[in-house]
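User: I would like to learn how to read the features of a protein model with care. Could you take me through this one, giving the general idea and then the case at hand?

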Amino acid sequence: MPSHLTDAQRRSFAERGYAIAQGGISPQTLADLRGQLDAWIEESRGHARNYGETEIGKKRFDLEEGHSAEAPRLRRVMNPCDVSEVYESAIRNAPFVDMVADLIGPNVKFHHCKLNIKLPGMATRVDYHSDHAFEPHTNTDMVTVLLLLDDMSEANGCLRIVPGSHRRFYDHFRDGEFVGAIDPALAEELAPHAAPVEGKAGDVCLMHSMALHGSGPNLGTAPRRLLIAEYLAADAWPLTRSNVKSRFTGEIVRGSPSETCRLEAGVFKLPPYYEEDSFFSVQGQKTAAAQ
Ligand SMILES: O=C(O)CCC(=O)C(=O)O
């Protein structure tokens, strides 16, 4: 089967825990995804608090504290693929899915997706964490695709990844409570080693689900919006009830379903099922109209 990634990209994923690639999406699909998101940001002006029902009863559209009709602060859309055909098609058919299959295939299933939005002036940040800690599975062949919907740089709060951090599990609990982030002192120690992920709209970052990553607020003048989609090897099975379940969770997007379950050794804490609409509230960031 032809490879969609270079040897250097595959090596970067294995050794550093992430790889950056171009051509993860067609220009037309990128334009369609952006257009739908622009429409959702416009629509958010008419809401004062989180809104929109999801499969699991949480709200789909998550608003940062300070959101208003004049200055919308929509920070997350949960599983846009569940309510938009262009997102549904992208999570199945985009070239980035073939790139994922190059890394953990041939049999790949979809887990969930979301949009993270940081418009200029918003305070939203992402505290250092690994995605596996939120949705642990029987093995760690899990890839998070981060598709840049806008050009992304240090100026507008780019993603930052700690190279090599995907080789061990990190604690995401404090005083017995799941806080969805590593210890702040450890984060401070690791942050100087984190690599900025900068690129053009349409580029993708393929990140190992155990890699520690975070990002600061957008202090620039241009929006920073990401489509984030998580995929798993077909023989990775969930250890907990999903906090982010989609209509399409578990759908095979490449290859065939697995009759077996592959177990990887390791010791880590299992996250609880939380009531919060999004991970930003779990990390302690305030929501619009404080619900
Ligand atoms: O938006 C970002 O910078 C990273 C997002 C992220 O890590 C997440 O939503 O899990």
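**Salt bridges and their surroundings**

Analyst: Asp235 forms a salt bridge with Arg262, and the closest N and O atoms of the two are 2.8 Å apart. The pair links distant parts of the chain, since Asp235 is in the loop between strand S14 (224-233) and S15 whereas Arg262 is in the loop between S15 and H6, 27 residues apart. Before we go on, note that this is a predicted model, in which local features need pLDDT of at least 70 and side-chain atom pairs count only at pLDDT 80 or more, while totals for chains, interfaces and linings use all residues. Residues are numbered from 1 along each chain as its sequence is written, and side-chain values use heavy atoms, with hydrogens and water left out.

User: What is counted as a salt bridge, and how many salt bridges does a search of the whole structure find?

Analyst: The term stands for a side-chain nitrogen of Lys or Arg within 4 Å of a carboxyl oxygen of Asp or Glu. By this rule the search of the whole structure finds 17 salt bridges. Arg73 and Glu64 form one of them, with their closest N and O atoms 2.5 Å apart, and Arg125 and Asp127 form another, at 2.8 Å. Arg34, Asp38, Asp150 and Arg225 are linked in a network of salt bridges.

User: How do I read the backbone, and which residues have a positive phi although they are not glycine?

Analyst: Most residues other than glycine have a negative phi, and most peptide bonds are trans. Among the residues with a positive phi here is Asn79, at about 45 degrees, which is placed in the loop between strand S4 (74-78) and helix H3 (85-93) and counts as buried because its relative accessibility is 0%. Asp175, a member of the negative patch, also has a positive phi, of about 50 degrees; Asp175 lies in the loop between strand S9 (173-174) and strand S10 (177-178), and at 81% relative accessibility it counts as exposed. The peptide bond from Gly105 to Pro106 is cis, with omega near 15 degrees, and Pro106 is in the loop between H4 and strand S5 (108-118).

User: How many residues of helix H4 are buried?

Analyst: Helices (H or I, at least four residues) and strands (E, at least two) are DSSP runs, numbered from the N terminus. Helix H4 (residues 95-104) is mostly covered, with eight of its 10 residues buried, including Phe96, Met99, Asp102 and Leu103.

User: Which polar contacts does the side chain of Ser242 make?

Analyst: A polar contact is a pair of N or O atoms within 3.5 Å; within protein, one must be able to donate a hydrogen and the other to accept it, and residues adjacent in sequence count only if both atoms are side-chain atoms. The side chain of Ser242 is joined to that of Glu135 by a polar contact of 3.0 Å, and it reaches the backbone nitrogen of Val244 at 3.1 Å. Ser242 is in the loop between S14 and S15 and, with a relative accessible area of 12%, is buried.

Technical notes: Patch = residues over 30% accessible without salt bridge, like charges linked within 9 Å, V, L, I, M, F, W, Y side chains within 5 Å. Areas by Shrake-Rupley, 256 points an atom, 1.4 Å probe, with all protein chains shown as cover. Lys, Arg positive; Asp, Glu negative; His and termini not counted. Charge placed at Lys NZ, Arg CZ, Asp CG, Glu CD. Buried < 20%, exposed > 50% of the residue type's maximum accessible area, 1.4 Å probe, protein only.
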